[in-house]
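Dear colleague,

I am handing over the structure below, and after it you will find a short account of what was found. Please read the two together.

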Amino acid sequence: MPLTLAEWLQLPTDLAEYRITDPRVIARFEKFFIRGADDECWLWQGGMINGRRSGAYGGFSADRQTQLAHRIAHRIYIGPIPVGLKVCHICDNPRCVNYVKHLFLGTDQENMLDASIKGKLHGGIRTAIFPPGWSE
Ligand SMILES: [Zn+2]
């Protein structure tokens, strides 16, 4: 079952990548993409990170490290990322940061397997969790 919003908000925040609220970070982030229509991909225009399988992801420097731009978009505009979850694209476009319609929290088979091998898996968050306002 997908988590409800109430359940999602109750996930322990110390196990999450926190929500980004610093206006300086947000202003810097917003220089690197242009908002289009809700159904379009909003392509990252800044630096890129090469993914193992999916091609190049947008990269953004925060907390003194280069991070995936679509994860930062989630943390700015939607909320924290609970531990073990991945920010996925419904559009399969790794450069896309359309947080309105194209990003959702989910798990990655490879990440899940990796986490279970390392004994880090804490519980059964397996279904995709859709942010408030997301609809098909
Ligand atoms: Zn997209």
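Among contacts in the protein (C-beta atoms, placed from the backbone, within 7 Å) between residues at least 6 apart in sequence, 54% join residues at least 24 apart. Please note that this is a predicted model, in which local features need pLDDT of at least 70 and side-chain atom pairs count only at pLDDT 80 or more, while totals for chains, interfaces and linings use all residues. Residues are numbered from 1 along each chain as its sequence is written.

Of the 136 residues in the protein, 24% are buried, that is, they have 20 or more other C-beta atoms within 10 Å of their own, these atoms again being placed from the backbone. The protein has four helices and seven strands, taken as DSSP runs (H or I of at least four residues for helices, E of at least two for strands) and numbered from the N terminus; along the sequence they follow the pattern α-β-α-β-β-β-α-β-β-β-α.

Three strands form an open sheet in the order E2-E3-E4, with antiparallel pairing, where pairing requires at least two DSSP bridges between two strands. Strand E2 (48–50) and strand E4 (65–68) each have a single partner strand and stand at the edges, so one side of each is left without a neighbour in the sheet. E2 is joined to strand E3 (residues 56–62) by three bridges, and Ile49 stands opposite Tyr57 in E3.

Helix H3 (residues 69–78) lies across E3 and E4, running at about 55 degrees to E3, with angles from 0 to 180 degrees taken between N-to-C directions of axes fitted to C-alpha atoms, for helices over the stretch in contact.

Best regards

Definitions and conventions: Buried ≥ 20, exposed ≤ 12 C-beta atoms within 10 Å, placed from the backbone. Contact = placed C-beta atoms within 7 Å.
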